[in-house]
Each structure stands twice: as structure tokens, then as C-alpha cells.
Amino acid sequence: MFQRPVLQVLRQFARHYSEGTTSLVLERSLNRVQLLGRVGQDPVLRQSEGKNPVTIFSLATNEMWRSGESETSQQSDVSQRTTWHRISVFRPGLRDLAYQYVKKGARVFVEGKIDYGEYVDKNNVRRQATTIIAENIIFLSDYIKEKE
């Protein structure tokens with residue numbers, strides 16, 4: 001009774017290929033990021049050699065915790081750490097909206113995926129970069145204004 005639905009679910013998440021003694025399993029995976037924070041700088045629009053235009057901005061997220069006697073004690077100290085994220089927007093419609101309406105200090109929710117890459121800086125030194133590739137942006141600030 002449960003066997004058929006279970007097999008359908010398993011087929012959806014994994015595909016098996018068997019040839020002789022070798023077996024290949026292709027599994028689904030997930031690369032998903034959700035960030036809620038404040039924009040650190042107005043976005044810039046970059047384009048290299050007429051291809052792959054991208055809107056880039058920074059986003060700050062904060063982590064807070066209490067240190068001391070207990071979580072509810074008035075005598076505990078609140079500590080905070082800010083993490084900065086580089087947000088890249090490639091999707092044509094979203095890229096243009098982000099460039100036009102995102103501004104420094106705005107509160108936004110970003111959904112996307114994390115990307116690790118390398119580049120060579122102007123001193124010819126190889127550097128690593130972590131970027132969030134935005135697939136959706138929700139504007140939460142009331143004071144969103146179009147850039148002049």
C-alpha cells in the first residue's frame with residue numbers, strides 16, 4: 001500500500017544507473033540562502049565586454065546574543081556581530097529593479113544561492129570570493145525611492 005508512493009518519491013530524488021559493476025547515483029542537492037538585513041551601499045551596475053550585466057550591493061546581517069548569568073537576567077550583556085554579504089543580481093528584471101530601487105540603509109529580504117569563486121586582483125594575486133546570487137528580493141523599507 002505504501003510501496004508505490006514511496007518509490008515515486010525516491011525516483012524523484014535519486015536516479016540510479018547501473019552498467020556492469022559500476023553504479024552511478026545522481027542525487028538532488030540544495031543550495032539555498034535567505035538573508036534579512038540592511039543594505040550597506042547603493043548598488044552598482046557592472047558589465048564586462050557587453051555581456052553578463054550584474055547589479056551588486058552589500059547586505060549586513062546582525063547576530064545578537066546575551067552573555068552573563070541567564071537569558072532573562074537584566075545583568076547580562078548583549079553582544080552583537082555584523083556579517084557583510086556581497087549580493088549579485090543577474091536576472092534581467094530583478095537586476096534592473098534592484099539597481100533602481102535598492103538604496104543604502106534599506107531593509108531587504110534576499111533569497112538566492114551561495115557561490116564561491118576566484119578572481120585575480122590588480123596586483124595579480126589570486127583571491128577567493130563568496131557571493132550570494134539573488135533570485136528574489138523583497139523590499140521591506142517604507143522609504144524606497146527611485147534613484148535620481
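The following legends describe close-up views of a predicted protein model.

**Figure 1. Overall arrangement of the predicted model.** The protein contains two helices and eight strands. Read from the N terminus, its elements follow the order α-β-β-β-β-β-β-α-β-β. Of its 148 residues, 24% count as buried. Among contacts with a separation of 6 or more, 59% are made by residues 24 or more positions apart. The accessible surface amounts to about 11,700 Å², and carbon and sulfur atoms account for 48% of that surface.

**Figure 2. The largest nonpolar core.** This core comprises 16 residues. Val39, Phe57, Leu59, Ile87, Val89, Val110 and Ile137 have the most contacts inside it. At least two residues of the core come from each of S3, S5, strand S6 (77–89), helix H2 (92–101), strand S7 (107–120) and strand S8 (126–139). In soluble globular proteins, nonpolar side chains tend to be buried together.

**Figure 3. The surroundings of Phe57.** Leaving aside residues up to four places away in sequence, Phe57 touches Val39, Gln41, Pro43, His85, Arg86, Ile87, Val89, Val102, Val110 and Ile137. Several of these partners, including Val39, Ile87 and Val110, are also listed with Phe57 among the core residues with the most contacts.

**Figure 4. The hairpin of strands S4 and S5.** Strand S4 (residues 44–48) and strand S5 (residues 51–67) run antiparallel and are joined by four bridges. Val44 stands opposite Ile56 in S5. Two residues lie between the strands of this hairpin, in which Glu49 adopts a positive phi near 55°. Asn52, which is found in strand S5, also has a positive phi, of about 50°, although it is not a glycine. Asn52 is exposed, because its relative accessible area of 57% is over the 50% cut-off.

**Figure 5. Asn124 in the loop between S7 and S8.** Asn124 lies in the loop that links these two strands. Its phi is positive, near 65°, in a residue other than glycine. Most residues other than glycine have a negative phi. With a relative accessible area of 65%, Asn124 is exposed.

**Figure 6. A nonpolar patch on the surface.** Leu36, Ile138 and Leu140 form this patch, and together they present about 240 Å² of accessible area. Leu36 belongs to strand S3 (residues 33–39). The relative accessible area of Leu36 is 42%, so this residue is partly exposed.

Notes: Residues are numbered from 1 along each chain as its sequence is written. This is a predicted model: local features need pLDDT of at least 70, side-chain atom pairs count only at pLDDT 80 or more; totals for chains, interfaces and linings use all residues. Side-chain values use heavy atoms; hydrogens and water are left out. Patches are made of residues with over 30% relative accessible area and no salt bridge: like charges are joined within 9 Å, nonpolar side chains (Val, Leu, Ile, Met, Phe, Trp, Tyr) within 5 Å. Accessible areas come from the Shrake-Rupley method with a 1.4 Å probe; for residues, only the protein chains shown count as cover. A salt bridge is a side-chain nitrogen of Lys or Arg within 4 Å of a carboxyl oxygen of Asp or Glu. Buried means under 20% relative accessible area, exposed over 50%, partly exposed in between (1.4 Å probe, protein chains only). Two strands pair if DSSP finds at least two bridges between them. Contact means heavy atoms within 4.5 Å. A nonpolar core is a set of buried Ala, Val, Leu, Ile, Met, Phe, Trp, Tyr and Cys residues joined through side-chain atoms within 4.5 Å.
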